[in-house]
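These are my notebook entries on a single protein chain.

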Amino acid sequence: PDWPACGLILTGPAHAGKTHLAHLWQERAGARFLPATDAATAWKALPPSPRLIVEHAERADEEALLHLLNAVRDAGGYLLLTSRLPLAQWGFTLPDLTSRLR
């Protein structure tokens with residue numbers, strides 16, 4: 001459950017196993033699923049060393065996702081993002097967010 005970086009992105013088509021892998025990591029790491037729409041408020045009250053999974057991360061608000069990434073990193077936690085789209089197709093335009101995701 002402990003990666004060298006604070007985040008990981010799993011991408012692939014529907015039914016490729018992203019959610020299955022996320023559930024395996026959830027069990028092993030004690031992670032919790034966070035809907036992409038909840039990223040806007042979740043970063044404000046994270047527990048120590050949070051372990052979160054955001055499915056369909058490309059649907060999250062850009063600024064909220066940036067704050068969530070920063071907050072998870074600062075708290076010593078881990079963030080797993082899943083998407084059906086490759087990162088280049090997420091359409092995010094915030095330079096800080098796109099550089100962190102890459």
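Entry 1: I began with Trp-90, which is buried at a relative accessible area of 7%. I use buried for under 20% relative accessible area, exposed for over 50%, and partly exposed for what lies in between, with a 1.4 Å probe and protein chains only. I note that the model is predicted: local features need pLDDT of at least 70, side-chain atom pairs count only at pLDDT 80 or more, and totals for chains, interfaces and linings use all residues. Residues are numbered from 1 along each chain as its sequence is written, and side-chain values use heavy atoms, with hydrogens and water left out.

I then looked up Phe-92, which is also buried, with a relative accessible area of 14%.

**Entry 2: the aromatic pairs.** How many aromatic pairs does the structure hold? I found 3. Rings of Phe, Tyr and Trp (for Trp, the six-membered ring) pair if their centres lie within 6.5 Å; planes under 30 degrees apart count as stacked, over 60 as edge-to-face, and the rest as tilted.

Trp-3 and Trp-25 have ring centres 4.7 Å apart and planes at 20°, so I recorded this pair as stacked. The pair links distant parts of the chain, since Trp-3 lies in the segment before β1 (7–11) and Trp-25 in helix α1 (residues 18–29), 22 residues apart. Helices (H or I, at least four residues) and strands (E, at least two) are DSSP runs, numbered from the N terminus. Trp-3 is partly exposed, at 22% relative accessible area, whereas Trp-25 is buried, at 9%.

For Trp-90 and Phe-92, the ring centres are 5.7 Å apart and the planes stand at 80°, so that pair is edge-to-face. I also noted that Trp-3, Trp-25 and Tyr-78 form one aromatic cluster.

**Entry 3: helix α1.** I checked the length of α1 next. Its 12 residues reach 16 Å from the first C-alpha to the last, close to the 16 Å expected at 1.5 Å a residue. The expected span of a helix is 1.5 Å times one less than its number of residues.

Which residues of α1 are buried? They are Lys-18, Ala-22, Trp-25 and Ala-29. These residues cover an arc of only 65° around the axis, which puts them on the same side of α1; the arc is that of the directions from the helix axis to the C-beta atoms. The face of α1 turned away from the buried side carries the exposed residues His-20, Glu-27 and Arg-28. I traced what the buried residues pack against and found β1, β2 (32–33), β3 (51–54) and β4 (78–83); contact means heavy atoms within 4.5 Å. After α1 comes Gly-30, with a positive phi near 70°.

Entry 4: Most residues other than glycine have a negative phi. Ser-49 is in the loop between α2 (39–42) and β3, and is partly exposed at 40% relative accessibility. His-56 has a positive phi near 55°. His-56 sits in the loop between β3 and α3 (62–74) and is partly exposed, at 24%.

**Entry 5: helix α3.** The 13 residues of α3 should span 18 Å at 1.5 Å a residue, and the end C-alpha atoms are 18 Å apart, which agrees. Its buried residues include Glu-62, Leu-65, Leu-69 and Val-72. What covers the buried residues of α3 includes α2, β3, β4 and α4.

Asn-70 is in helix α3 and is buried, at 17% relative accessibility. The C-alpha atoms of Asn-70 and Cys-6 are separated by 9.4 Å, although the two residues are 64 apart along the chain.

**Entry 6: the largest pocket.** I recorded a volume of about 160 Å³ for the largest pocket. On a 1 Å grid over the protein atoms alone, a pocket is an open set of points where a 1.4 Å probe fits, with protein on both sides within 12 Å along at least five of seven lines; lining residues have an atom within 4 Å of a point. Grid points are joined across faces, edges and corners, and the volume is the space filled by probe spheres set on the points.

Which element supplies the largest share of the lining? It is β1, with 3 residues. β1, α3, β4 and α4 (95–101) each supply at least two. Among the lining residues are Cys-6, Leu-8, Arg-73, Leu-81 and Arg-100.
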